[in-house]
Amino acid sequence: MRSVPKTTFDRIENLIEEGHILEKACPSIDELHDGDDIDLSLETKYTEWSTSSLNFLRYFFGINHFFIERFRKNLNVKYVYTQTEPNGSSIQKEVLCVKEKMSKLRGVLMSIKKEVEMGYSEDVTFLHKRESLSDILEDGFVLLEHDYKVAAAIYGRIILENTIKELCKLKGVDIEKNENFSSMLLKLRQIKTIDLPQERSYQAQYDIGSLAAHGKEDFNKKTKRDILDMLNFIRDNVLQLK
């Protein structure tokens with residue numbers, strides 16, 4: 001299993017914490033007055049942090065995702081203050097790192113973290129940035145270690161669905177664009193790729209993921225051990241399908 005610090009959640013937590021430190025160090029736009037020098041070291045740290053944050057969002061969600069658009073919208077807001085020159089004229093000076101901007105940007109990252117933890121970012125754009133379904137499964141185990149049961153179960157559901165879909169293609173089984181999981185299982189059993197006990201086992205594990213994905217109250221009855229058994233089942237029985 002990959003080490004915990006490499007997970008998506010640890011990275012976004014680091015960015016949020018780094019943003020919090022920057023926010024505390026940044027002046028408010030109302031605190032900037034004539035004669036104040038912009039802290040260039042602070043501007044450098046801000047540029048590094050904002051670039052890393054954009055790269056993180058681009059890599060995991062894709063360049064046109066709502067999350068990155070929301071972050072970039074706040075990133076592009078300009079904050080200026082008026083400085084009076086020795087000759088009495090006034091000029092507008094832009095400052096990159098101000099408390100108001102950092103507060104909004106950090107809020108976007110906090111919202112993204114919450115949405116992913118709650119399983120409301122199931123879009124495959126995010127998940128398929130991984131090298132393989134096995135890597136996604138490893139992430140599921142790490143999420144469960146951090147007590148993110150919903151997200152871990154949803155990861156399991158997506159692995160199940162994609163594996164069965166790919167198996168259908170491999171076996172030459174015709175499937176509709178939005179064909180449901182149980183129908184695909186039935187077609188595989190009819191050509192004797194899987195048997196009835198396998199079909200029932202796969203469906204049972206998929207149903208757990210569906211409860212999580214749709215926010216059903218019955219999912220609350222599932223324990224951490226139940227989700228661990230689900231992930232272990234996928235590792236030992238699903239990803240081995242040929």
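## Salt bridges

Nine salt bridges are present in the structure, a salt bridge being a side-chain nitrogen of Lys or Arg within 4 Å of a carboxyl oxygen of Asp or Glu. The model is a predicted one, in which local features need pLDDT of at least 70 and side-chain atom pairs count only at pLDDT 80 or more, whereas totals for chains, interfaces and linings use all residues. Residues are numbered from 1 along each chain as its sequence is written, and side-chain values use heavy atoms, with hydrogens and water left out.

One of the salt bridges joins the side chains of Glu23 and Arg106, with an N to O distance of 2.8 Å. Because Glu23 belongs to helix α1 (residues 8–25) and Arg106 to helix α4 (residues 99–117), this pair ties together parts that are 83 residues apart in sequence; helices here are DSSP runs (H or I, at least four residues), numbered from the N terminus. Glu23 counts as buried at 14% relative accessibility, and Arg106 counts as buried at 16%, where buried means under 20% relative accessible area, exposed over 50%, and partly exposed in between (1.4 Å probe, protein chains only).

Since Asp147 is in the loop between α6 (133–145) and α7 (149–170), while Lys224 is in helix α10 (residues 224–238), the pair ties together parts that are 77 residues apart in sequence. Asp147 is exposed at 53% relative accessibility, and Lys224 is partly exposed at 37%.

A further salt bridge is made by the side chains of Asp218 and Lys221, at 3.5 Å from N to O. Asp218 is partly exposed, with a relative accessible area of 41%, whereas Lys221 counts as exposed at 65% relative accessibility.

## Aromatic pairs

The count of aromatic pairs comes to four, under the rule that rings of Phe, Tyr and Trp (its six-membered ring) pair if their centres lie within 6.5 Å, with planes under 30 degrees apart counted as stacked, over 60 as edge-to-face and the rest as tilted. Phe66 and Phe67 have ring centres 6.2 Å apart and planes at 55 degrees, so this pair is tilted. Phe66 is exposed at 56% relative accessibility, but Phe67 is buried, with a relative accessible area of 10%.

Phe181 and Tyr206 form a stacked pair, with 4.0 Å from centre to centre and 10 degrees between the planes. This pair links distant parts of the chain, 25 residues apart, with Phe181 in helix α8 (residues 181–190) and Tyr206 in helix α9 (residues 196–213). Phe181 is buried at 2% relative accessibility, and Tyr206 is buried with a relative accessible area of 9%.

Methods:
Helix = DSSP H or I, 4+ residues; strand = E, 2+ residues; numbered from the N terminus.
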